[in-house]
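Keep the sequence and the 3D view open, and try each task before you read its solution.

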Amino acid sequence: MSGFLLEVDRLTLAKQQQVIVSDISFAVRKDRVTAIIGESGSGKSLTARALIDLLPEDISVLAGSVTFSGEHVFSMTNKQRRHYLGKEIGIVFQDTWQTFDPIQTIGRHFLELFTTHSSLSKKDAKEQALYLLRQMKLGDAEKVFNSYPHELSGGMRQRVQLALAIAMNPSLLIADEPTTALDLQTQAEIIQLIKDWKTQSGSSVLFISHDLGVVSEIADDVIVMSNGKIAEWSPASQLLTAPRSHQAKQLLADYLLLSRPNQLVKQSSNDLLIKVENVTKNYIKKNWFKQEVIPAVTDVSLHVAQGEIVGLIGESGGGKSTLSRLMLQLETCTSGTVHWLGKQPFRRGIQWVHQDPLASFNQRWTIEKIIGEGLDYEKEEKNGKRERVQAVLQQVGLSSSDAKLYPHELSGGMRQRAALARALLIEPELIVLDEPFANLDMSSQAKLITLIQSINEKENLAVLFITHDIQVALAISQRIYVMVKGSITEERYANDMLSTTNPYTKLLLSRMPGLEAHRNKKKLMKVEIHE
Amino acid sequence: MNIKRRWFITLTIASFSLLLTLILFAPLLAVHDPLAVQMNSVLQPPSSAHLLGTDELGRDVFSRLLYGGRVSIVVGAAAMLVSVAAGVLYGAVSGLVGGGIDRLMMRLIDALLSIPSLLLMIGLQMVFPSSLLSIILVISLTSWMPIARLIRTELMAMKKDVFIQASTVIGASPFQLLRRHMLPQCTPTIIVLAVSGISHAILAEATLSFLGIGIPPQEPSWGNMLMGAQTHLLSGAWWLAVFPAGCIMYTILAVNFLGDRLQDHLAAPQFRKGDKNEWISS
């Protein structure tokens, strides 16, 4: 059929005998952006890998076919396949680290590509590579060309990956969660680059993401996947205003929950829990002869009162995590003081949930032992430990059978719940959540936010919520601090955030994905979200 | 784990336990007195009267092998225990406290390591009266330093791990952190060190005895027997060297192999669910 570049017909994938992706059919239109959206584990990445015939070894195609401009992908000869993968398709992965050869410069990656798939001379190839890098708005293209992958930041590597993917001018670009690991600013820029390239070249894009905001910015058609099946396949405009399937409605509901500023204004009570006064932290980098002082946190003052949800936002590398560690007294301040004013002793009153729950667990222990650890250090609380662990598991929405598992056997969302359960068990007054949603998909995020808010209301627990994602911060917190380069530039109530005058906060707000959706907010709000 | 491997483990455990049992019941099994000199049957090859032959003083090689095994195994196990305990303790203190004390403690180890260990052993052995206890002490005194250093390095790295910090936040004291998190995390390393410690101690005992400064010469030990064998090897008395040497080699191989399995087993408890009884199938 004309108009379609890539067609997938009744594709079924299985691991051993267990069907993972079942009977899906869709097509990618020429000159359009098609997005696949779904929770993690819904089979979207596997589908993408099936398209390029690069499935993991233990996954097999049970049935169905993939057709690329009239040719069957699974029955290509080696030569055809190389042409197909090398020239017709460009791929951008989420992971910007493992896709590069760490001992080769960026330039050699380009040269390898050009010598394999084109007859350009070395000099022309370099010219072409520099041109592409410049197109990706990389400041000093020459320098990037001569760098090794580890010398570039994640955002820069993603740009290079994109440049490599489009170097052969493919007719289809597959982008698998290309912005998930990046902060909002870089995310917005990468999306703009993909859009620009698409308009220029007239090619198609298959964009895979879990983030409805990103998808609504870029996609023409959206495919909603859930549990290995396609729940809905419709134009983006229709999906955002009138979703048909239950899964799409749920996605939209989650998204709205995440993108609606918290309207709740609690009268900030006078019972302060923690007070940070003029705290500065410098790291000292020792060179051969001289010492270099690297400021991480500069002259920061903030406070959290009882029962309050306070957000702390800023870009990655902005000193947020350092500040949280200073507050937890895991590191000592260079100057300034942290006062703990809670009723409980410090080590019980304040608890911590780290952004990487797996790293924060002793992986030799079962979940039950990990969660119960806090009680082991209390002499009088030994009895009834099992019951208390079970109760807190239930509170965060884990089942009691999960207690017997080891951390690596849980999914990302479950791990984060377990980390929260461990913190909640000893009934603290304040929890510091350090980027708790960094690795979670949208529906897990939405569920966790609801959970945190309900605990906050029920138990009058204060929360310090650290994130780079202004959208999430707005959704969850009552009061927000904005941190730039180690110091706090603004403090504002969440419902008042949109009227900010601070240029940096404005910038952050403007980079929220799905701003189109925001402009149509009134229209969106009217959508019946049935639950 | 495949079946072949399991068979191999079972076989090793069975044969090693057999060796240990033989050594344990030496007084019952040894027909001849290991110290009894019989000048009328010197350097006899293996026969029905003397299962593994006799040595240059007419002593029964089989009996001496069993009694000598006691010395070697006891020295190996005891020296290993002492040196691992000392090393882990020293390393844990140094790694956990850190700072100036750590630096001081590490320089002390550097100084001790700079002395050649054989020289130190010979020197110490000259000071102490020659006995089983002294040889255990001398061997452990010269072998705890690398253990301390390795443990200290592991703890240093681990102190920065997020899960250690998470436990700190939840209220664990430094000692609790060490006991509940850090040392269990170090067990694979400790096992490897312990196993190589046993091998090292058995070999060191053999070396010292071979040099004539280990176990008193009349007492049997595998190393002592080897020393006695060297003068008669050329005259064709192969049984004097082959049996003690074979025992030393077999013991070290078996200990190393079992230690290796034990390390695999203890390294990651989270990955061996459901096959908890797999390791020892005998």
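**Exercise 1. Find out how the span of helix α10 of chain A relates to the expected one, and which of its residues are buried.**

Solution. Remember as you go that this is a predicted model.

Step 1: Locate the helix. α10 of chain A covers residues 246-259, which is 14 residues.

Step 2: Look at its span. From the first C-alpha to the last, α10(A) reaches 20 Å, close to the 20 Å expected at 1.5 Å a residue.

Step 3: Apply the cut-off for burial. A residue is buried if 20 or more other C-beta atoms lie within 10 Å of its own. By this test 10 of the 14 residues of α10(A) are buried, and the helix is mostly covered.

Step 4: Name them. The buried residues in α10(A) are Q247(A), A248(A), K249(A), Q250(A), L251(A), L252(A), D254(A), Y255(A), L258(A) and S259(A).

**Exercise 2. Give the strand order of the open sheet of 3 strands in chain A, and say which strands are at its edges.**

Solution. 

Step 1: Write down the order. The strands are arranged as β12-β11-β14, and their pairing is antiparallel.

Step 2: Pick out the edges. β12 (291-305) and β14 (335-340) of chain A each pair on one side only.

Step 3: Zoom in on one pair. β11 (residues 272-286) of chain A is joined to β14(A) in the antiparallel sense over 5 bridges. In this part of the model, I274(A) stands opposite W340(A) of β14(A).

Step 4: From one strand to the next it averages 20°.

**Exercise 3. Is L62(A) buried, exposed or partly exposed, and which residues does it contact?**

Solution. 

Step 1: Find its place. L62(A) belongs to strand β4 (residues 59-68) of chain A.

Step 2: Count its neighbours. There are 15 other C-beta atoms within 10 Å of L62(A), so this residue is partly exposed.

Step 3: List its contacts. If we leave aside neighbours within four places in sequence, L62(A) is in contact with T12(A), L13(A) and A14(A).

Step 4: Now look farther along the chain. S119(A) is 57 residues from L62(A) in sequence, and the two C-alpha atoms are 39 Å apart in space.

**Exercise 4. Describe the make-up of chain B, then how its helices α4 and α7 cross.**

Solution. 

Step 1: Count the elements. Chain B has 11 helices and 0 strands.

Step 2: Look at burial. Of the 282 residues in chain B, 35% are buried.

Step 3: Find the crossing. The axes of α4 (residues 99-113) and α7 (residues 145-159) of chain B come within 10 Å and cross at roughly 150°. The crossing is left-handed.

Step 4: See who touches. α4(B) brings I109(B), L112(B) and L113(B), while α7(B) brings M145(B), A148(B) and R149(B). By class, this contact has 5 nonpolar, no polar and 1 charged residues.

**Exercise 5. How many residues of chain B are in contact with chain A, and which helix of chain B gives the most?**

Solution. 

Step 1: Count both sides. 15 residues of chain B are in contact with 21 residues of chain A.

Step 2: Find the elements. On the chain B side, α8 (162-169) and α9 (174-211) give two or more residues each. α8(B) gives the most, with 7 residues.

Step 3: Sort by class. The chain B side divides into 8 nonpolar, 7 polar and no charged residues.

Methods:
Residues numbered from 1 in each chain as written. Chains lettered and ligands numbered in written order. Predicted model: local features only at pLDDT ≥ 70, side-chain atom pairs only at ≥ 80, totals over all residues. Pairing = 2+ DSSP bridges. Helix = DSSP H or I, 4+ residues; strand = E, 2+ residues; numbered from the N terminus. Axes fitted to C-alpha atoms, helices over the stretch in contact; angles between N-to-C directions. Expected span 1.5 Å × (residues − 1). Buried ≥ 20, exposed ≤ 12 C-beta atoms within 10 Å, placed from the backbone. Contact = placed C-beta atoms within 7 Å. Nonpolar A, V, L, I, M, F, W, Y, C, P; charged D, E, K, R; others polar. Left-handed = near helix turned anticlockwise from the far one by under 90°.
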